[in-house]
Amino acid sequence: MMNLKEQFEQLCLPFSENHNVINTLWNEIEKRYSEKGRCYHNLLHLENMFKELETIREKISNFTVVSFSIFYHDIVYNATSKSNEEKSALLTETRLAELNLNNDLINAVSTQILATKFHQKSEDEDTNYLLDADLSILGKDLESYLAYTQMIRKEYSIYPDLLYKPGRKKVLKHFLELNSIFKTDYFKEKYEVRAKENISTEIQLL
């Protein structure tokens with residue numbers, strides 16, 4: 001499998017042959033996702049999302065849009081901010097314009113990034129695949145899941161347990177109250193049962 005940088009270059013080349021622009025954009029992605037304090041929302045998270053979707057590529061109608069959404073959905077990430085998704089979407093619109101993408105494609109990517117804020121089921125199935133890949137960690141084996149919870153805790157280390165634990169519990173209970181955490185049949189079948197078990201375990205440990 002191509003590394004992320006090669007993947008990004010291949011994604012951009014149909015729109016722009018300006019290697020300087022493509023390199024600059026890649027360097028920004030690499031720098032932002034490698035920021036100090038990003039223990040989970042980093043380049044590895046992007047790699048894992050691509051791995052999840054690569055195997056079902058044929059189910060996705062516009063893999064180009066979904067790929068840009070993966071690269072940019074957490075480009076702005078600050079654990080104390082409530083507007084990361086909006087800021088990421090705005091930055092993405094600017095960057096994709098530099099690559100000469102047309103407005104329809106830019107809007108499609110921007111809309112998908114905004115959808116990662118609330119993780120509601122979308123009428124657009126590609127968006128649902130993106131959302132499910134974003135949450136796929138929830139359905140991994142318990143060891144991987146617990147490692148993920150520790151990384152998230154580190155990202156929110158500014159908050160003491162007194163504030164963190166109730167906030168985290170609220171998020172987790174919200175997931176359990178959903179009819180289904182995963183929006184697509186594929187991910188539901190693959191991860192739903194395990195995800196609910198993992199989340200229940202974490203709630204007990206908090």
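Glu125 is partly exposed, with a relative accessible area of 36%, where partly exposed denotes a value between buried (under 20% relative accessible area) and exposed (over 50%), computed with a 1.4 Å probe and protein chains only. The model is a predicted one, in which local features need pLDDT of at least 70 and side-chain atom pairs count only at pLDDT 80 or more, whereas totals for chains, interfaces and linings use all residues. Residues are numbered from 1 along each chain as its sequence is written, and side-chain values use heavy atoms, with hydrogens and water left out.

Glu125 is placed in helix H7 (residues 125–134), helices being DSSP runs of H or I with at least four residues, numbered from the N terminus. Together with Asp124, Asp185 and Glu189, Glu125 forms a patch of negative charge on the surface; such patches consist of residues with over 30% relative accessible area and no salt bridge, like charges being joined within 9 Å.

A search of the whole structure finds 13 salt bridges, each defined as a side-chain nitrogen of Lys or Arg within 4 Å of a carboxyl oxygen of Asp or Glu. One of these pairs Lys190 with Glu52, the closest N and O atoms being 3.1 Å apart. This pair links distant parts of the chain, since Lys190 belongs to helix H10 (residues 185–205) and Glu52 to helix H3 (residues 43–54), 138 residues apart. Lys190 is partly exposed at 38% relative accessible area, whereas Glu52 is buried at 5%. Glu86 likewise forms a salt bridge with Lys117, with the closest N and O atoms 3.4 Å apart; Glu86 lies in helix H5 and Lys117 in the loop between H6 and H7, so the pair ties together parts that are 31 residues apart in sequence. Within helix H10, Lys196 and Glu192 lie four residues apart, about one turn of the helix, and their side chains meet in a salt bridge with an N to O distance of 3.2 Å. Lys196 is partly exposed at 25% relative accessibility, while Glu192 is buried at 9%. Salt bridges that share partners also join Glu28, Arg32, Arg95 and Glu98 into one network.

Conventions
Patch = residues over 30% accessible without salt bridge, like charges linked within 9 Å, V, L, I, M, F, W, Y side chains within 5 Å. Areas by Shrake-Rupley, 256 points an atom, 1.4 Å probe, with all protein chains shown as cover. Lys, Arg positive; Asp, Glu negative; His and termini not counted. Charge placed at Lys NZ, Arg CZ, Asp CG, Glu CD. Helix = DSSP H or I, 4+ residues; strand = E, 2+ residues; numbered from the N terminus.
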